[in-house]
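Please keep the sequence and the model in view while reading.

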Amino acid sequence: MAEPLAVYIHWPFCVSKCPYCDFNSHVRETVDPARWTRALLSDLDHAAELAPEREIVSIFFGGGTPSLMPPESVAALIRRVRALWRIAPSVEITLEANPNSAERERFRGYREAGVNRLSLGVQALDDEDLKRLGRRHDKREALAAIDAAREVFARYSFDLIYARAGQSEGAWRRELEGALPLARDHLSLYQLTLEPGTRFAALAAAGALSLPDEEHAAALYELTQETLGAAGLPAYEISNHARPGAECRHNLAYWRYEDYVGIGPGAEGRITRSGAKVATRQTRSPEHWLSAVEAAGTGLNETFALSREEATLEMLMMGLRLAEGIARPAFERVAGCDIEALFGSPLRTLCDGGFLALDNERLVATDAGRERLDAVLAALLVKTRFSSRGCGSSEARRSPPRLLPARL
Amino acid sequence: MTPLSRIRNFAIIAHIDHGKSTLADRLIEACGGLEAREMREQVLDSMELERERGITIKAQTVRLHYRAKDGEDYVLNLVDTPGHVDFSYEVNRSLAACEGSILVVDASQGVEAQTLANVYQAIEAGHEIVPVLNKIDLPAAEPLRVKEQIEEVVGLDAKDALLVSAKTGLNVGSVLEALVQRLPAPVGDGNAPLKALLVDSWYDPYLGVVILVRVRDGVLKSGEKIRLMATGAVHTVERVGVFTPKPSSAPALGPGEIGFITAGIKAVADCRVGDTITADRRPASAPLPGFKPVQPVVFCGLFPTDAADYERLRESLAKLRLNDASFRYEPETSAALGFGFRCGFLGLLHLEIIEERLRREFDLDLVATAPSVVYRVHLRDGEVMTLHNPVDMPDPVTIDHIEEPWIRATIFVPDAYLGGVLALCEERRGRQVDLTYAGNRAMLIYRLPLNEVVFDFHDRLKSVSRGYASFDYQLDGYEEGALVLMNILVNGESVDALSLIVHRDEAERRGRALCERLKDLIPRQLFQVAIQAAIGGRIIARETVKALRKDVLAKCYGGDVTRKRKLLEKQKEGKKRMRQFGKVEIPQSAFIAALKMGEE
Ligand SMILES: Nc1nc2c(ncn2[C@@H]2O[C@H](COP(=O)(O)OP(=O)(O)O)[C@@H](O)[C@H]2O)c(=O)[nH]1
Ligand SMILES: C[S@@+](CC[C@H](N)C(=O)[O-])C[C@H]1O[C@@H](n2cnc3c(N)ncnc32)[C@H](O)[C@@H]1O
Ligand code: SF4
Ligand SMILES: [Mg+2]
């Protein structure tokens, strides 16, 4: 059976830049969709050379605002994926959409193109807060977009951002309770994060914006976990909630550290080649990316094999975000040795402290552990020495070549 | 060589800021020692730090040529002295090279603590003292009152005190004339075997080790083989000269003269201050009375905040010691702070100056542990050990008792602030010896444990007196004290760099302050962190850093992986600078910050 592969396609344009957002998203007066589509298609061709003969389990149009793409472009890209690879029968094809009316009208076109799941950036169900978040839509439009999504797509999800300035537990609880009936089987609920370089970060540094402190943020997080758990949409990842079986297949690929290719400006990929993970990264600036693809067929500017240590770190920090944790055999394939042998006493301390749980099958971060995952990871890794002998086979220790040419 | 009757050797002594350096400038100018374009303020303060802080650290000398009213030409050798008590040793040896002193008193301030201390030293050195009231140009000058004060408090005859403004130059000529008329000429025998006092020595990048000498008998010439009597080492004199204040060669130095020699000596440490220099071929029968070697009285650990700077710190300390043999250091290892040095100083100012020079001239970022004095620990078995590092404290059950050094402090303070100063001295376990008044200023004599003075006493004194108190002290023996070792425990383990020897009654307050400070500095951890202050097994203060409640990235998708991994790698790297206490890891920076914050 062919190895599974997920495909991420990045559309780097937005109508306006939200003050909290550090995604690779840009506002441009005009965008030539035909030219961009050609470039993305060409980059897909190149990705197929990097990771041939796979079975596609997911395609994800992310952004930026992919709902600004003409449906024909989306259709062309999906067609090209189908032409380059075998497609799993259960393939999930998601598109991120902003809840503005113009975009809502394209929903049917996306379905026709092959999109079978919509992810809506609602962010808030409160007009005041939507304004403060710099969004172009209001609550009414958000509700209309959710209605449309429900009508058009079998699967949809929407995003909310919480722990906003001045948001009380009561207010967030009420907003969540209002959101639950609107959801079908999936919700992404993010704590507002101050990303370096954003306008919000600058405001906060200047004292003009103050977000909830650790205790308050923890209370909001715990409230979210409880409310969603009780509603039958438990967290399967730190910020993602679904009815069992309705998880986002695409994002699961990231967290399970499965292979994916990244198409479009700034996109990253992880591809297993001869037993080692190869990382790929695209040129970030849209214009540079475009000219790179038009000149060389790809916008990739970095392709390198990860060391065993790097890959292990990535698998841990991604995998422990999931409620299901990390399967031990998968971990051993990447790390080249057994979890217990590798981590020793910090692992035991963290298990004794109730932050991690280890059984014969899996390593899992407990609820408490996931709430403090960054600290757990740091504590787990303190003493890890990847070069230590007796950990992994000699073959596993052989380090892969560091730099591969961008074109394989 | 100058005939003895035409030589006057003198020092200028003064409380800090009373105008010693400015007066020296005027005297040099008046005698044409430097051309106008070479003149700058306080020419004798050569170190950047000296100029900036307005203090003299190293003694300097200058030879002046003066034609007196009697028409004769005189050589006046001015020996500048440091004004601060920490360097009283240097004052001492400067005074030993002279027959008299000019006592400078600020006519608007009056007598201060160091005025007194310096005068006593000058009297002990057998000096003739010429009182000079300076800053007479100031409207606030009260020459009559200050004259009275000099007579009452200092006990000198001030009838003939000179009224001078070093700033405007007013009456500076009268100072020169008084030197000639009132100070005795030196005595000595040019034909006797060579006997010269080694006053000071320092390392000069161009000349090598330079020795400052005062010749008593005989003659010092270049090419001559000299012997340092204390060590027996023999060297050949390369260069003989005087400071004008620029070094300039002279054919020879005869009796009564002050000047310098170089003799191919490698290290300052080989030249003992106070030693007698004699001729190898015709040595003197007995050395001049020397000084007792100085002992550091204050110690602290100095650690580089960046471990990579350790070697540079070692080199820098070695360089500083080239010119300052009174300061000591030896390697020290701390579990909390890593590798560093235990250093000994003559006093707190000395410590501050060395620390500041390391930071400034050598660009080192340092952390200093709390200063400690030298304790005498009497053990049950009769043995006595000296201790200046709390971590060396022996097991309490083996200790019979501990003695600590005391000082006799002289404090001058305006009436209005006397109450605050008295309270401070009492709080610091002081015992009043004397309290007298001179006008509206009180002179307070207190005995205090040095331990209480090295710990922020100066700052407190400054704040309770708004800066108007002056302070001076001398060591005054050892006394038994109820001293205990206080440890700071983090999750039950002692943090060596924060251990302190304190009086039992002070322990709780200090312990609580340290615990509170650490509580704010230690970041939250997965597990709660207990911070305790303990004396032996008894906990006297406790704080808790609550466990971390939430610490996780909200979003982490395929495009975030590289960036987030790098963050994690950096965090893992940072953990190398952490110190494990049971289940938690405390960044070294927390301890550094705790020490850097100073008290309160
Ligand atoms: N008004 C006035 N100020 C003076 C006089 N002599 C010195 N000063 C000032 O007093 C301060 C301390 O002088 P300095 O010579 O450095 O004192 P030192 O610490 O005793 O060497 C400086 O700001 C001088 O300019 C004086 O005769 N009149
Ligand atoms: C690629 S982004 C947005 C997609 C779409 N352009 C939109 O804004 O609706 C995916 C989601 O990340 C979340 N997000 C972006 N920046 C965030 C921040 N600084 N803190 C928390 N969540 C954030 C938002 O919920 C957003 O919908
Ligand atoms: S949050 Fe979405 S719409 Fe806003 S700038 Fe970022 S990608 Fe664009
Ligand atoms: Mg001075």
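Two strands are said to pair if DSSP finds at least two bridges between them. The model described here is predicted. In chain B, six strands form an open sheet of mixed pairing, and ligand 2 lies between chains A and B.

**The sheet of chain B**
- The strands of this sheet follow the order E2-E3-E1-E4-E5-E6.
- Strand E2 (60-67) and strand E6 (162-163) of chain B are the edge strands, each pairing on one side only.
- Strand E1 (residues 7-14) of chain B pairs with strand E3 (residues 73-80) of chain B in the parallel sense, over six bridges.
- Opposite B:Arg8 stands B:Leu76 in E3(B).

**Helices across the sheet**
- Helix H4 (residues 113-124) of chain B lies across E1, E4 and E5 of chain B, and runs at about 150 degrees to E1(B).
- Helix H5 (residues 143-154) of chain B lies across E4, E5 and E6 of chain B, at about 155 degrees to E5(B).

**Ligand 1**
- Ligand 1 is surrounded by 18 residues, and the closest are B:Gly19, B:Lys20, B:Ser21, B:Thr22 and B:Lys167.
- With three residues, helix H1 (residues 20-30) of chain B gives the most to this shell.
- The shell around ligand 1 contains nine polar, five charged and four nonpolar residues.

**Ligand 2**
- Around ligand 2 there are 18 residues, of which the closest are A:Tyr20, A:Gly121, A:Asp159, A:Tyr190 and A:Thr193.
- At least two residues of this shell come from each of strand E2 (55-63), strand E4 (117-123) and strand E5 (155-162) of chain A.
- The shell around ligand 2 has seven nonpolar, seven polar and four charged residues.

Notes:
Residues are numbered from 1 along each chain as its sequence is written. Chains are lettered from A and ligands numbered from 1 in the order in which they are written. This is a predicted model: local features need pLDDT of at least 70, side-chain atom pairs count only at pLDDT 80 or more; totals for chains, interfaces and linings use all residues. A residue is near a molecule or strand if its C-beta atom, placed from the backbone, lies within 6 Å of it. Helices (H or I, at least four residues) and strands (E, at least two) are DSSP runs, numbered from the N terminus. Ala, Val, Leu, Ile, Met, Phe, Trp, Tyr, Cys and Pro count as nonpolar, Asp, Glu, Lys and Arg as charged, and the others, Gly among them, as polar. Two residues are in contact if their C-beta atoms, placed from the backbone, lie within 7 Å. Axes are lines fitted to C-alpha atoms, for helices over the stretch in contact, and angles run from 0 to 180 degrees between N-to-C directions.
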